[in-house]
Amino acid sequence: GGLTTKFDTYPGLEKFTVELDNYGIVDGKYFYFNLPATPPLFSTPDDQRLLPLYISGQSERVIKDEIQLPDGYRETAIVPQNEKYEAPGGSGATISHAHDDEKCIITQDFKTEPSVIAPKYYSELMKIQSALSQKSASTFLLERD
């Protein structure tokens, strides 16, 4: 669908829909694919810090993937799971997974709060970033009935 914006309230909203045909790989009775987008919670280019990390403002990004399950396939145990990550300074991410017989809905909710993160807590941010970037957070394996 087209781009929808709403900036007359705070926070603003940008919304769009993408439809991806034939997005995945069939191998025998299995069908697998990855979520189209799994952004990081923070843009943290280094593995460690000597100085505090300053997060200047509050933000919320919500990515909702609605996946129409192909006829004759069902989910296996290899799908993104419900997870909640709490970062120092009040920021965090929540991943939720809901499904029925026809579709699966994955919602990724990323929130940041203004804060200063001391270097000693930086490794906690790195653990969250690592968990969000793991294949288990974005990979689906479906099996033919």
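This is a predicted model: local features need pLDDT of at least 70, side-chain atom pairs count only at pLDDT 80 or more; totals for chains, interfaces and linings use all residues.

Colleague: What makes E3 and E4 a pair of strands?

Modeller: Strands here are DSSP runs of E with at least two residues, and helices are runs of H or I with at least four, numbered from the N terminus. Two strands pair if DSSP finds at least two bridges between them; E3 and E4 have three bridges, in the antiparallel sense, so by that rule they pair.

Colleague: Which strands form the open sheet that holds E3, and in what order?

Modeller: The order is E3-E4-E12-E7, four strands with antiparallel pairing. Strand E3 (25-27) and strand E7 (73-75) are called the edge strands, as each pairs on one side only. Neighbouring strands are turned by 30° against each other on average, direction ignored, where the axes are lines fitted to C-alpha atoms (for helices over the stretch in contact) and angles run from 0 to 180 degrees between N-to-C directions.

Colleague: Why is the pair of Phe31 and Tyr73 called tilted?

Modeller: Rings of Phe, Tyr and Trp (its six-membered ring) pair if their centres lie within 6.5 Å, and planes under 30 degrees apart count as stacked, over 60 as edge-to-face and the rest as tilted. For Phe31 and Tyr73 the centres are 5.8 Å apart and the planes stand at 50°, so the rings pair and fall in the tilted class. The pair links distant parts of the chain, with Phe31 in strand E4 and Tyr73 in strand E7, 42 residues apart.

Colleague: How do you know whether Phe31 is buried or exposed?

Modeller: Buried means under 20% relative accessible area, exposed over 50%, and partly exposed in between (1.4 Å probe, protein chains only). Phe31 has 13% relative accessibility, so it counts as buried, and Tyr73 is buried too, with a relative accessible area of 13%.

Colleague: What makes Phe33 and Phe140 a stacked pair?

Modeller: Their ring centres lie 4.9 Å apart and their planes are at 10°, so the pair is stacked. This pair also links distant parts of the chain, since Phe33 is in strand E4 and Phe140 in strand E12 (residues 139-144), 107 residues apart. Both Phe33 and Phe140 are buried, and ring pairs link Phe31, Phe33, Tyr73 and Phe140 into a cluster.

Colleague: Which strands form the open sheet that contains E10, and how are they joined?

Modeller: The order is E6-E10-E9-E8, again four strands with antiparallel pairing, and the edge strands are E6 and strand E8 (83-86). From one strand to the next the twist averages 10°. Ten bridges join E6 to E10, with Asp109 in E10 as the bridge partner of Val62. Eight bridges join strand E9 (residues 92-99) to E10, where Ser96 stands opposite Thr107 and His99 stands opposite Cys104. E9 and E10 form a hairpin with three residues between them.

Colleague: What makes one space a pocket and another a cavity?

Modeller: On a 1 Å grid over the protein atoms alone, a cavity is a set of points where a 1.4 Å probe fits but cannot get out, whereas a pocket is an open set with protein on both sides within 12 Å along at least five of seven lines; lining residues have an atom within 4 Å of a point. Grid points are joined across faces, edges and corners, and a volume is the space filled by probe spheres set on the points. The largest pocket holds about 1400 Å³, and of its 34 lining residues the closest to the centre are Phe16, Ile63, Lys64, Asp65 and Glu66. E6 gives the largest share of this lining, ten residues.

Colleague: How many cavities of 30 Å³ or more does the rule give?

Modeller: The count is one, and the largest cavity holds about 50 Å³. Among the residues that line the largest cavity are Thr38, Ile95, Gln108 and Phe110.

Definitions and conventions. Residues are numbered from 1 along each chain as its sequence is written. Side-chain values use heavy atoms; hydrogens and water are left out.
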